[in-house]
Amino acid sequence: MNGVNGTWRRLGTAVGFALLEHARNRFALVLVLFYIPLWLSLESWFVARKPASFMLRATGRTLTVDGNHLTMISGAVNTVTLIVGFMMFMTTFKSLAFDRRLAFAGYPRVHLLVAKVAAMTLAAALIAAYATAVVHCYWAPVRPGLLTAGLFTAAVAYGGIGILLGSFLRNELEGMFLIIMISLLDTMLQNPISNPEASKDGVHLLPEYGPTQVSMAAGFTHAVPYRQLLLGPAWFAAMWLLGTAAFHLRTRDHRPRGRTPRPAGRALD
Amino acid sequence: MPVTPYALRVRDVRKAYGSRQVLRGVSLDLRPGTLAGMVGENGAGKTTLLRILCGQTAAGSGEVDIRGSLGYCPQETVLNDFLTVDQHVRYFRAAYGLRSTGRAEELIEELHFAEYRHTRVDDLSGGTRQKLNLTLALMHDPSVLLLDEPYQGFDWETYLRFWSLAARLRDSGRCVLVVSHLAWDAERLDVLHRLREGVAEPWEPGGRTAAPADGDGR
């Protein structure tokens, strides 16, 4: 029982501090508060309100919608992926040495990793809801709740990519560059604006594909594409598992097992 | 014949980075209640040796045996810029599985940085960051302490307090190994080793006076 209490206490402590770290990350907060409205407002202002047609593969139907609205949804997906991707890359990258010190002091690595995911999930949900609210200031998506869900899945997919890159890259610039390049490629290859048909096999394997399909469906139809809703979290799970493996490799204890005790003190009550 | 107790035993530890052989067979025995020093010029492999002793780096070959719990103070301060001093202490209390933060409180008072308890690390001076770095390594009262240049950034008063603290830890039976590229503190140590050409040897600087190792000056 004491062990269970200790486990929950450690997990709670790690989650609390991971959340605090995000809350105190002023640069990320500024990006969220100002960059999302700025990006979406500029799109609303500059992009013509002409009809645009694209194939929504989630429903199998070709839709003709307001090009301005289409661009705003695409922009919302793009902003949340970049912000959460950067956020998770930076937090993983910058705290690697500190996390290793905690792990060597006896903190279970799984708790540290789960804490990062819990904090990211909450941050991604808040950011997705905020981006939906900003879109709603300009026009009314058909299903705003589903749009939030679509943006959330986009955010967690790139959060996973950020965690993976932060776990093995050794340079901040490399991480920033890679996240931008991945996001650009991803958007160009499957986005309804750049590729309205998106008909080639394999397009569904791109990380933004599922979230974009869900967000488009939410903006313009009453359909709920359940399968596509799972693609973003699947991307996150795959990236997180790889990131976890990299984290374990970089924080492993090289002392011979059984001969040298861990540097821990007394047992936690 | 009785077996000599030891707190830290290192046997023929070797380490190479590519073709560069950094450690060529380091052996060392330190008893409980010892305040030991390890000096060597820049790049001699001191930090590599400490990282091997604490398990962060794999040795090419050799054996390391540490009896009891271990505390390691890295040369670079390893802290989280977004958290305060108190939050670090709470985090490491959970990591070490301690019932209280009593020992950390004592160290904070002793090293004179209690006024910064609620200050975030990125607002702390280099010296105060180093005090916290050291506190996190000592707060679980480990049996063996590996301290890598632990007084970098300390002012003179704090530097003296550090040595007084190290002496008290030694007197209470702890084994303390302080690594430095200088031999200024030889008089404060029970035993001094010099890491040279990948091997550690007992060393007594000329006449036990302050002297830099291999011409390194402060």
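Colleague: Before we start, when do two strands count as paired?

Modeller: Two strands pair if DSSP finds at least two bridges between them. Please bear in mind that this is a predicted model.

Colleague: Then how do β3 and β7 of chain B pair, and over how many bridges?

Modeller: Strand β3 (residues 34-39) and strand β7 (residues 175-180) of chain B run in the parallel sense, with 6 bridges between them. Within β7(B), B:Val178 is the bridge partner of B:Gly37.

Colleague: What sheet do they belong to, and in which order do its strands come?

Modeller: The sheet in chain B is open and has 6 strands, ordered β5-β6-β7-β3-β9-β10, with mixed pairing. On average, neighbouring strands are turned by 20° against each other, direction ignored.

Colleague: Which strands stand at the edges?

Modeller: Those are β5 and β10 (199-202) of chain B; each has a single partner strand, so one side of each lacks a neighbour in the sheet.

Colleague: Changing topic, how many residues does each chain bring to the contact?

Modeller: Chain B contributes 41 residues and chain A contributes 36 residues. Together the two chains bury about 3300 Å², and 56% of that lies on carbon and sulfur atoms.

Colleague: How many salt bridges and polar contacts are there between the chains?

Modeller: The count of salt bridges between chain B and chain A is 0. There are 8 residue pairs in polar contact across the interface, both residues at pLDDT 80 or more.

Colleague: Which element supplies the largest share of chain B's side?

Modeller: That is α2(B), with 9 residues. The residues on the side of chain B that touches chain A comprise 22 nonpolar, 12 polar and 7 charged.

Technical notes:
Residues are numbered from 1 along each chain as its sequence is written. Chains are lettered from A and ligands numbered from 1 in the order in which they are written. This is a predicted model: local features need pLDDT of at least 70, side-chain atom pairs count only at pLDDT 80 or more; totals for chains, interfaces and linings use all residues. Side-chain values use heavy atoms; hydrogens and water are left out. Contact means heavy atoms within 4.5 Å. Buried area is the accessible area (1.4 Å probe) that two parts lose on being put together, summed over both. A salt bridge is a side-chain nitrogen of Lys or Arg within 4 Å of a carboxyl oxygen of Asp or Glu. A polar contact is a pair of N or O atoms within 3.5 Å; within protein, one must be able to donate a hydrogen and the other to accept it, and residues adjacent in sequence count only if both atoms are side-chain atoms. Helices (H or I, at least four residues) and strands (E, at least two) are DSSP runs, numbered from the N terminus. Ala, Val, Leu, Ile, Met, Phe, Trp, Tyr, Cys and Pro count as nonpolar, Asp, Glu, Lys and Arg as charged, and the others, Gly among them, as polar. Axes are lines fitted to C-alpha atoms, for helices over the stretch in contact, and angles run from 0 to 180 degrees between N-to-C directions.
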